[in-house]
Amino acid sequence: MKKSFTEKKEFVVDEKKLDDLHYKIFVGFAILKLVYYFIFQKPIIGGDFNYSLFNLWIPLFIGFFGLTIYRWKYIKVILFVANNWFWNLIRGLFLIVQGVLCSYVIVVGPSEIIWEGLNRIEIKEASVETKIIDIKQFRFDKGSGSKYKILFDFKGESERIKVSYKLIKEYKDVDAKDYKLSLDLKKGLNDTYVIEDWKVIKK
């Protein structure tokens with residue numbers, strides 16, 4: 001049974017109100033994630049399969065599944081608004097991307113913060129281990145979003161430390177093979193290591 005004009009109008013008005021609310025929630029969680037990432041988060045290296053499982057994949061799945069149930073009425077309207085399989089497919093792909101992005105910001109972000117809080121409790125009494133590691137590269141990425149990194153291998157996996165230009169500028173024209181990286185580490189949950197301090201030393 002087709003909806004009346006009044007029902008359609010009420011649906012549009014309700015969706016507009018929900019969109020405004022959802023946008024504010026999304027922005028709020030995004031700001032929380034960014035503030036924590038740039039101000040409070042300590043650099044972490046290592047990590048086993050459980051680290052990715054509990055910090056990314058499970059929260060992402062729960063968030064995506066939960067959002068799908070919550071917005072199922074809206075999804076049905078968007079997917080079948082036109083009798084054209086191509087445009088319905090495009091809309092479906094857009095909804096999947098939108099769902100993944102929202103799940104990452106609203107669910108994965110807070111779960112990472114909670115996990116890191118537990119990890120800080122775990123390493124509180126842990127002893128500091130100092131590791132001397134070969135540096136693979138001092139990375140100077142160009143562009144408006146420049147990122148400065150020190151690249152190295154740890155336990156057979158590629159790792160990196162993001163640094164400011166001030167800390168890395170003196171190594172711009174040197175051979176990374178002539179330097180090593182000294183890391184002060186504390187072992188945490190899921191075979192991760194929190195970097196308490198680091199410094200570049202010449203061989």
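A cavity here is a set of points, on a 1 Å grid over the protein atoms alone, where a 1.4 Å probe fits but cannot get out. A pocket is an open set with protein on both sides within 12 Å along at least five of seven lines, and lining residues have an atom within 4 Å of a point. By that rule the count is 1 cavity of 30 Å³ or more.

This is a predicted model, where local features need pLDDT of at least 70, side-chain atom pairs count only at pLDDT 80 or more, and totals for chains, interfaces and linings use all residues. Residues are numbered from 1 along each chain as its sequence is written, and side-chain values use heavy atoms, with hydrogens and water left out.

**Overall build**

- The protein has 5 helices and 6 strands, taken as DSSP runs numbered from the N terminus (helices H or I, at least four residues; strands E, at least two).
- Reading from the N terminus, the order is α-β-α-α-α-β-β-β-α-β-β.
- The radius of gyration, taken over C-alpha atoms, is 23 Å, well over the 17 Å that the globule rule gives for 203 residues, so the protein is more spread out than a compact globule. That rule is 2.2 Å times the number of residues to the power 0.38.
- Along the principal axes, the C-alpha atoms fill a box of roughly 75 × 40 × 25 Å.
- Of the 203 residues, 26% count as buried (buried is under 20% relative accessible area, exposed over 50%, partly exposed in between, with a 1.4 Å probe and protein chains only).

**Helix H4**

- H4 has 39 residues, which should span 57 Å at 1.5 Å a residue; its end C-alpha atoms sit 53 Å apart, which agrees. The expected span is 1.5 Å times one less than the number of residues.
- H4 also has a kink of about 35 degrees, centred on Tyr 104 (the bend is the angle between axes fitted to the seven residues ending there and the seven starting there).

**The cavity**

- The largest cavity has a volume of about 30 Å³, counted as the space filled by probe spheres set on grid points, which are joined across faces, edges and corners.
- Its lining is Lys 42, Ile 44, Glu 116, Asn 119, Arg 120, Ile 123 and Val 194.
- Helix H4 (residues 85-123) gives the largest share of that lining, 4 residues.

**The pockets**

- The largest pocket has a volume of about 1,000 Å³. It is lined by 29 residues, with Tyr 37, Gln 41, Pro 43, Ile 44 and Lys 162 nearest its centre.
- Strand E4 gives the most to the lining of the largest pocket, with 6 residues.
- The second largest pocket holds about 680 Å³ of space. Of its 23 lining residues, Leu 67, Arg 71, Gln 98, Gly 99 and Cys 102 are the closest to its centre.
- H4 supplies the largest share of the lining of the second largest pocket, 9 residues.

**Two loops with positive phi**

- Most residues other than glycine have a negative phi.
- Lys 155 has a phi near 55 degrees, a positive value in a residue other than glycine. Lys 155 is in the loop between strand E3 (148-154) and E4, and is exposed at 54% relative accessible area.
- Asp 191 has a positive phi as well, near 60 degrees. Asp 191 lies in the loop between strand E5 (179-187) and strand E6 (192-202), and counts as partly exposed at 28% relative accessibility.
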